[in-house]
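Please look at the sequence and the structure together, and keep both in view while you read the paragraphs that follow.

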Amino acid sequence: MTDTTDVTDTTDVTIVGAGPTGLMLACELRLAGVRVVVLERATEPTAQSRGRGLHTRSVELLDQRGLLDRFLAVSETFSVGGFFGGVRKPWPDGLDTAHPYGLATPQSVTERLLGERARELGAEIRRGCEVVGLRQSDGDGGSGPASADDAGVTVDLADGTRLRSRYLVGCDGGRSTVRGLTGIGFPGEPSTVDTLLGDLEATEDPGTIAAVVREVRRTQLRFGALPDVDGTAGVYRVVVPAEGVAEDRTTPPTLDEFKRCVRAVAGTDFGLHSPRWLSRFGDATRQAERYRDGRVLLAGDAAHIHPPTGGQGLNLGVQDAFNLGWKLAATVNGWAPEGLLDTYHAERHPVGAAVLDNTRAQITLLGSDPGATALRDLFARLMDFEEVNRYITGMITAVDVRYALGEGHELLGRRLRDLPLARGRLYDLTHDGRGLLLDRTGRLSVAGWADRVDHVVDSAEELDVPALLLRPDGHVAWTGDDQDDLRAHLKRWFGTPTP
């Protein structure tokens, strides 16, 4: 038994970290009525906007939950000039999505909008709360109701208080306290190069800055200066190779160090001054050995870190949360079939590993030596082939992710794009985060699962299957027209039917 006499309060799920991953997870859990407390060490929301891109799959999941209009109102869209390892090509035509674009949304705005939605749904977000310890109680980590004392997680906070929950999810970044306290291994490669990043004002003429950047980037693709950051004239987002590899990457560079590095690469520092923020990052590539340890789970950068090439990090974390949320909610609410929560690791760990591999490849392409330059030129010619461009774009935007759900139709395991229906749009029917049977036959039934799965009878003319079953994350779990086969798959993904 665990001593809970000094526990301040209890909840269903504790989320550590109020970044995009943690906030998206809080939204998903609250849709299912799960009590959620989000603990964030920082006392104020970040003003830094390192992650500035939401790729197509993230745009889709925002639409699936009715959040896209909020983001479109404060974001610019992009759909051309795809960037992979320094190779710029237009996106291919006919990408398998109703949203063939990304959103240029600063991370600070993404966190604000997701935080607002999480609070609307009833999540509690506590700032200034640093986790310093955690203990899992005896328990099987299964899907049944937890006893008062023998199945759960207790976290110790720096202020001496404790919080108890049935499950805990570490969304607390690459230096995850939760991962360290749980003892989950984080193998991979350490950083070999550092890069400086920051938003600063510049006194140099914008035309001169643009000309210098163009010339330098002919050989050094780790350098750049993006003007008018967040719509502010005269403020540049500057990225530049650092002088070496820092022992402590948590300490930001000084303005003098930053300007010195810019001069070393560009021959001028553009009169940079008045930094909004400065930071450094490395090219370390690591992945947690497992995404679950009993009642503790990891998501986002706590589960995987990689270079920011391709702008995939924030997206990968948000998509982790989208996969985990409904499964964890089903477990807490008591209807999850056996093993459902374990499919989180089984499905998302390979996706994370694939992203790590493509960022490793991109780092090689970004090199400035003759071999890297020749390889980049060859890769650029290959991407002129439509099939290659489509493959690369699908990989970076995550629209090609397919979970291994067994043999079957080519849609099985894939996310389904938004479809026009007789009654409107498919994604308009997914805002509540439930399963959905899209039935073109009108002969099927979800009786016994109607509290978890919606039944929509519609012609859905763009589909070439009689019916399909969508999980709450929008991935296809079944196709066909046989009621008995459907019932077997309903039980596999949505548990025992109610009487």
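D269 counts as buried because its relative accessibility is 14%, where buried means under 20% relative accessible area, exposed over 50% and partly exposed in between, with a 1.4 Å probe and protein chains only. This residue lies in the loop between α7 (255-266) and β16 (273-282), and, leaving aside its neighbours within four places in sequence, D269 is in contact (heavy atoms within 4.5 Å) with K259, V262 and R263. Helices (H or I, at least four residues) and strands (E, at least two) are DSSP runs, numbered from the N terminus.

This is a predicted model, in which local features need pLDDT of at least 70 and side-chain atom pairs count only at pLDDT 80 or more, while totals for chains, interfaces and linings use all residues. Residues are numbered from 1 along each chain as its sequence is written, and side-chain values use heavy atoms, with hydrogens and water left out.

Turning to a pair of helices, the axes of α8 (residues 313-333) and α9 (residues 343-365), which are lines fitted to C-alpha atoms over the stretch in contact, with angles from 0 to 180 degrees between N-to-C directions, come within 10 Å and cross at roughly 170 degrees. That angle makes α8 roughly antiparallel to α9, a term used for angles over 145 degrees, with under 35 being roughly parallel, 65 to 115 roughly perpendicular and the rest oblique. Among the residues that meet are L316 and N323 in α8, and Y344 and V351 in α9.

In helix α11 (residues 386-397), the buried residues include N389, I392 and M395, and just after this helix A398 takes a positive phi of about 70 degrees.
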